[in-house]
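Hi,

Here is the structure I promised to pass on to you.

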Amino acid sequence: MANKFYITTPIYYVNASPHIGHSYTCIAADTLARYMRSTLGEKNVWFLTGTDEHGQKIQKAADEAKLSPQEFVDKVVVQFKGLWNKLGISNNDFIRTTEKRHTEFVRTALEIVHKNGDIYEDTYEGWYCVPCETFWVEGQVVDKLCPDCKRPVERIAEKNYFFKLSKYQGWLAEYIKSHPGFIKPASRQEEVLRFLELNKLNDLCISRPKERLSWGIPLPFDPDYVTYVWFDALINYISAVGSFDANGKYASEWWNDDTYVVNLIGKDILRHHAVYWPIMLKALGIKPPDTIFAHGWWMMNDAKMSKSRGNAVSPIDMVNEFGTDTYRYFLLRDVPFGLDGNFSEDAIIKRYNADLANDLGNLVYRTLTMVEKYFSGNIPQGKMDLNDDRVKAIADKISGLKGAITPNLGQAGDYNFSAALEYIWSMINMANKYVEETKPWNLAKENKNAELENFIRVLVSVIRASEEALSPFMHRTAALIREQFLEKTIKKGAPLFPRIENK
Ligand code: MSP
């Protein structure tokens, strides 16, 4: 196990406001970063997010807004930063591809790859999808529609620069085969391998003539061209955390052999990350990330949520209505990471009322009430007495917590957030059941003080363990619980999650 951890999200296109899909990757990455900080220490974790600000999509959106591309991206980036702030995203750095630290780095990287002979000039003729910024060859295109987004493609013929992807196809297939867990979930690893087995990789066109697109990083070896937006964008993961020396050798505090590196993405950009990216790194003499994890999509009525489909829901609206922690909890709990899920407000309300109001909120509030009522606000100290079978089972559940969380949130974990949360909830619900079965009011009536004390100790132990385990997911709720359960006394506040009555 490496003792440092570096996690990234995709850098988001700033052609429109962020939607739920964007916030999903950031919330997941944030949860992992927070968990890893709790195990490796603050200083040993680096969490990067940012924005993808070049390319045709952005230039088009800027034109429509009657702004220069730079003015336009400067405006939209504020929305992303504001949203991450509202969602409590704890990124250590935020990279914008229009920053000098990035553009200069990309130019150096291009020079290195060019000098090594992995970039060549050729005439390209074929189909081009403007919204996807992707070239397609004959056979891939049916009815002049983009195979990915189904929008019309354009026919183009022009001189361009190409990156030798094909040269590294064999290497990549071998690398993936010999590194299980490089691409996750396993189904995605198989998908990429199958793709590599069934297709011959085309070299990647990495330039755009300036006359057609000027909003990009100029190629260092031909000023009439700018860099293809994906070649520019992927490099953010290394440009933000390192530099090349005069001999073209890359050095970084975070992208190195002592650090476990995770690129978290959505499945829509798997090909770019699992094929182009490792090959780009190989050509630059840099190690691949340790894990590329592709999560599923949030859908609206079975269609992927996206701005262009017009079905995007604003995270800000959801947070204003339900609160940050409910929103974070819902996204990570309702659908196993890696699969698709349908988004609806009804589903949020259901989760809220059942898991947060009824289970967690209730356990916290009733325990506070009992400590107040039976012990004048003083928490009975000392260890739990494990003679009772039910108490023993709860204590075992608490001891099992680490073993249930690490395989899911740990550095080489499965990132199965919902499974980790399920375990925490099974513990919370054992405690709630224990309250109902124990009938503490009877213990009080019969003056069974020792038993009542032990009963409270059990509940407080479950609450403290839940608070700690939940803290990467819902740090604000965890802090509220900590404020109410001090070391020796309580400080009862309002219920954490008052029920939402049916609207
Ligand atoms: N700019 C590129 C990424 C470059 S990374 C070097 C890009 N940007 S994007 O803004 O279109 O989408 C970025 C990410 O947002 C997706 O990979 C995915 O992680 C997330 N999502 C966008 N829509 C989504 C859903 N409907 N559902 C879940 N996540 C999705 O692609």
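Below is what I found, starting with how the model should be read.

This is a predicted model, in which local features need pLDDT of at least 70 and side-chain atom pairs count only at pLDDT 80 or more, while totals for chains, interfaces and linings use all residues. Residues are numbered from 1 along each chain as its sequence is written, and side-chain values use heavy atoms, with hydrogens and water left out.

First, the sheet. Six strands make up an open sheet with parallel pairing, in the order β3-β2-β1-β14-β15-β7. At its edges sit β3 (93-96) and β7 (183-184), each of which pairs on one side only. Strands here are DSSP runs of E with at least two residues, helices are runs of H or I with at least four, and both are numbered from the N terminus. Two strands count as paired if DSSP finds at least two bridges between them. As one example, β14 (residues 259-266) and β15 (residues 291-295) pair in the parallel sense over five bridges. Isoleucine 265 stands opposite alanine 294 in β15.

Next, the ligand. It is surrounded by 25 residues, and the closest are Ile11, Thr25, Asp52, Trp298 and Met305; a residue counts as near if one of its heavy atoms lies within 4 Å. By class, this shell has 13 nonpolar, nine polar and three charged residues. (Ala, Val, Leu, Ile, Met, Phe, Trp, Tyr, Cys and Pro count as nonpolar, Asp, Glu, Lys and Arg as charged, and the others, Gly among them, as polar.) The largest share, four residues, comes from β1.

- a polar side-chain atom of aspartate 52, 2.7 Å from a ligand nitrogen atom
- a backbone N or O atom of methionine 305, 2.9 Å from a ligand nitrogen atom
- a polar backbone atom of tyrosine 13, 3.1 Å from a ligand oxygen atom

The protein covers 95% of the 660 Å² of accessible area that the ligand has on its own (Shrake-Rupley method, 1.4 Å probe).

Finally, serine 90, which sits in the loop between α3 (69-86) and β3. Is serine 90 buried or exposed? It is buried, with a relative accessible area of 17%; buried means under 20%, exposed over 50% and partly exposed in between, with a 1.4 Å probe and protein chains only. The side chain of serine 90 also makes a polar contact with the side chain of arginine 37, at 2.8 Å.

Cheers

Methods:
Polar contact = N/O pair within 3.5 Å; in protein donor to acceptor, adjacent residues only side chain to side chain.
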